[in-house]
Amino acid sequence: KADAFIGRRPDVASMVTVRAPATSANLGSGFDVFGAALEQPADVVRVEKADRTTISVSGVGSQYIPEDPDKNTVGAVAEALDAPAHIEIDKGVRPASGLGSSAASAAAAAVGLNELYDRGLTREELVPIAAEGEAVVSGAAHADNVAPSIMGGFTIARPDGVTAVDASIPLVTCLPEIVVSTRDARGVVPETASIESIVEVVGNAATLSVGMARNDPELVGRGMNDAIVTPARAELITGYEAVKSAAFDAGATGVTISGAGPAIIAACREGDRRTIASAMLDAFASVDVEARAYQTRIGGGTTVFE
Ligand code: HSE
């Protein structure tokens, strides 16, 4: 009988705390496919075994996040894992930012509940479960934010699996005080594209992927260009063109919308982040938009606190 416990911890904890990072999806040329884990900001989520799932939310923008398990990303994750728990979410990532706010909570819940209930799923197996949670708020199950938040690095998320690459590209993400919902941002995505623009995007996406594998900010930045989705969405972000030009003038190697926006992400060479962040903030200020900038880089995925 004792053999049944080999490889299992008899003292499985009744409470687990995890940190899941913000992420940037799309990276321009990889709409609904590419994503990158950011070193900061992050959500911290604590899960405790319970008979039924309850949720409490604190932190940045918590007043906008429903605590009803049927309307919150983490409720769907608990349901999918058959893992009822009291789930405390401390938001470090503002909702509707373009920095994978709901995905960070879903990723944290998936990893935390998997640990709490000793479900034994791999990180890659947790990605579609967390993506189902995402569908509760965005209307569609994309894995391009949850994959990097769970697995870390740069990720290529497709229905048949996730390819993850370690990278450490310096980044600035600049978040204006504008709200763009993912639903609205998806509403402006063109339904068709010319073969010329598709050829261009394929070239850029391939360049970006190689740039990540080589950890080369020049190639990553060059590969961020996108002539299909980004121009349509840029219209929803006051000051987008001014901020993009300012970031390039300050030395950014590439600039695009982070996820569905309104955050804007710039790829940088080592040592340039402070200047680029300051230029982006000045450009938003010049069009009377308040903003905050994170000097960050591509980092690791969800971590479980011991
Ligand atoms: N790929 C998604 C989009 C990310 O751009 O709409 C936000 O869920």
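Me: What volume does the second largest pocket have?
Reply: Happy to start there, and please keep in mind that this is a predicted model. The second largest pocket has about 250 Å³ of volume. Its lining is made of 16 residues, and those closest to the centre are Val 127, Ala 141, Ala 143, Arg 158 and Pro 159.

Me: Which elements give two or more residues to the lining of the second largest pocket?
Reply: They are helix 3, strand 5 and strand 6 (161-165). Helix 3 gives the most, with five residues. Sorted by class, this lining has eight nonpolar, two polar and six charged residues.

Me: What is the volume of the largest pocket, and how many residues line it?
Reply: The volume of the largest pocket is about 790 Å³, and 42 residues line it. Nearest its centre you will find Pro 95, Ala 96, Ser 102, Val 137 and Thr 182.

Me: Which element gives the most to the lining of the largest pocket?
Reply: That is helix 2, with four residues. At least two lining residues each come from strand 4, helix 2 (101-116), helix 3 (123-138) and helix 5. By class, the lining of the largest pocket divides into 14 nonpolar, 18 polar and 10 charged residues.

Me: Now for cavities. How many cavities of 30 Å³ or more does the structure hold?
Reply: A cavity is a space where a probe fits but cannot get out, while a pocket is open. The structure holds one cavity of 30 Å³ or more, and about 50 Å³ of space lies in the largest cavity. Among the residues lining the largest cavity are Asn 26, Phe 31, Asp 226, Arg 233 and Gly 259. Helix 8 (230-234) and strand 8 (254-257) are the elements that give two or more residues to this lining. Its classes are three nonpolar, five polar and two charged.

Me: How should I read an aromatic pair, and how many are found in the whole structure?
Reply: A pair of aromatic rings is described by the distance of the centres and the angle of the planes. A search of the whole structure finds one such pair. Phe 34 and Phe 154 have ring centres 5.0 Å apart and planes at 70°, an edge-to-face arrangement. Planes over 60 degrees apart count as edge-to-face.

Me: Where in the chain do Phe 34 and Phe 154 lie, and are they buried or exposed?
Reply: Phe 34 is in strand 2 (residues 34-49) and Phe 154 is in strand 5 (residues 154-158), so the pair links distant parts of the chain, 120 residues apart. Both Phe 34 and Phe 154 are buried.

Me: Which ring does the charged end of Lys 49 sit over?
Reply: The charged end of Lys 49 sits over the ring of Tyr 117, at 4.9 Å from the ring centre.

Me: What about salt bridges: how many are found in the whole structure?
Reply: Side chains of opposite charge can pair when their charged atoms come close. The search finds six salt bridges here. One of them joins Asp 32 and Arg 186, with 2.7 Å from N to O.

Me: Why does the pair of Asp 32 and Arg 186 tie together parts of the chain?
Reply: Look at where the partners lie. Asp 32 is in the loop between strand 1 (15-25) and strand 2, while Arg 186 is in helix 5 (residues 182-187), so the pair ties together parts that are 154 residues apart in sequence. Asp 32 is partly exposed, with a relative accessible area of 24%, and Arg 186 is partly exposed too, at 26%.

Me: Which residue does Lys 91 form a salt bridge with?
Reply: Its partner is Asp 43, and the closest N and O atoms are 2.5 Å apart. Because Lys 91 lies in strand 4 (residues 85-91) and Asp 43 in strand 2, this pair ties together parts that are 48 residues apart in sequence. Lys 91 and Asp 43 are both buried.

Me: Which residue meets Glu 218 in a salt bridge?
Reply: That is Arg 269, with 2.5 Å from N to O. Glu 218 belongs to helix 7 (residues 217-222), and Arg 269 to the loop between strand 9 (264-267) and helix 10 (273-286), 51 residues apart. Glu 218 is partly exposed, with a relative accessible area of 37%, and Arg 269 is partly exposed, at 34%.

How values were computed. Residues numbered from 1 in each chain as written. Predicted model: local features only at pLDDT ≥ 70, side-chain atom pairs only at ≥ 80, totals over all residues. Heavy atoms only, no water. 1 Å grid on protein atoms, 1.4 Å probe; cavity = no way out; pocket = protein on both sides within 12 Å on 5 of 7 lines; lining within 4 Å. Points joined across faces, edges and corners; volume = space filled by probe spheres on them. Nonpolar A, V, L, I, M, F, W, Y, C, P; charged D, E, K, R; others polar. Phe/Tyr/Trp six-rings, centres within 6.5 Å; stacked < 30°, edge-to-face > 60°. Buried < 20%, exposed > 50% of the residue type's maximum accessible area, 1.4 Å probe, protein only. Lys NZ or Arg CZ within 6 Å of the ring centre and 35° of its normal. Salt bridge = Lys/Arg side-chain N within 4 Å of Asp/Glu carboxyl O.
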